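Student: I have just opened this one and would like to go through it slowly. Could you take my questions as they come?
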Amino acid sequence: PNAIAYATHEPGGNPEWGNPDTKYVSGALSGTKFNAIALSDSSLALAFRGDDGNGYYTIGTATTDANSPINWAPPAPIGGIATAVDNAPAVAKGDCGDDAIFAFASGGQVKSTSVKGGTFTPIADVGISGANVAIATK
C-alpha cells in the first residue's frame with residue numbers, strides 16, 4: 001500500500017492513476033510525500049522517507065521500453081548510511097560537479113550531503129533547526 005507509483009505518457013496523452021500503465025519504483029516504500037527532480041533530459045532523482053523512518057534516494061533513467069519506461073536503481077540510504085529523517089528529504093540537481101544535493105531534518109536538525117558518481121560527501125549539520133526542508137540550485 002505504500003509503494004511509490006508513477007505513470008508516463010506521450011505528449012497529448014491522458015493516463016489515469018491506477019490504470020494498467022501505472023508503474024512502481026521497485027523497493028521504494030513510503031507512506032509520506034516524496035520529492036523528485038530532473039537531473040538531465042533522461043534521468044531523475046527521487047528522495048523519500050522510507051517506511052522504516054530512514055532517508056532514501058534512487059536514480060531513474062528513461063528507457064525506450066513502454067513496459068518499463070524508467071529504469072530505477074535500487075533505493076539506497078541518503079549519505080550512504082542509514083539515517084533517520086523527520087520528514088521527506090529534499091533533493092536538487094547538483095552543482096559544482098555533484099550529481100545531486102540532498103537536505104533533510106534528523107532529530108530536529110537540518111543536514112545536507114551531496115553525491116557524485118555514487119560517492120557522498122559527509123553528512124553536514126547546516127546549523128539550523130526544523131522539521132521540514134527544501135533545497136534548490138540554479
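Student: Are Phe 48 and Tyr 56 buried or exposed?
Tutor: Both Phe 48 and Tyr 56 are buried, where buried means under 20% relative accessible area, exposed over 50%, and partly exposed in between, taken with a 1.4 Å probe and protein chains only. Please keep in mind that this is a predicted model, in which local features need pLDDT of at least 70, side-chain atom pairs count only at pLDDT 80 or more, and totals for chains, interfaces and linings use all residues. Residues are numbered from 1 along each chain as its sequence is written, and side-chain values use heavy atoms, with hydrogens and water left out.
Student: Why does the pair Phe 48 and Tyr 56 count as stacked?
Tutor: Rings of Phe, Tyr and Trp (its six-membered ring) pair if their centres lie within 6.5 Å, and planes under 30 degrees apart count as stacked, over 60 as edge-to-face and the rest as tilted. By this rule the count comes to 4 aromatic pairs. The ring centres of Phe 48 and Tyr 56 are 5.7 Å apart and their planes lie at 25°, so this pair is stacked.
Student: Ok, and which residues do ring pairs link into a cluster?
Tutor: That cluster consists of Tyr 57, Phe 102 and Phe 120. These three also belong to the largest nonpolar core, which has 12 residues, among them Leu 39, Ile 78 and Val 115; such a core is a set of buried Ala, Val, Leu, Ile, Met, Phe, Trp, Tyr and Cys residues joined through side-chain atoms within 4.5 Å.
Student: Which strand gives the most to this core?
Tutor: Strand E9 does, with 3 residues, and strands here are DSSP runs (E, at least two residues), numbered from the N terminus. A second, separate core has 9 residues, including Ile 4 and Trp 72.
Student: New topic: where is Asn 54 found?
Tutor: Asn 54 sits in the loop between E4 and strand E5 (55-62), and it is buried, with a relative accessible area of 15%. Its side chain reaches the backbone nitrogen of Ala 84 at 3.2 Å. Leaving out residues up to four places away in sequence, Asn 54 touches Phe 48, Arg 49, Ala 82, Thr 83, Ala 84 and Val 85, where contact means heavy atoms within 4.5 Å.
Student: Last one: how many helices and strands does the protein have?
Tutor: There are 0 helices and 12 strands, and buried residues make up 35% of the 138 residues in the protein.

How values were computed
Helices (H or I, at least four residues) and strands (E, at least two) are DSSP runs, numbered from the N terminus. A polar contact is a pair of N or O atoms within 3.5 Å; within protein, one must be able to donate a hydrogen and the other to accept it, and residues adjacent in sequence count only if both atoms are side-chain atoms.
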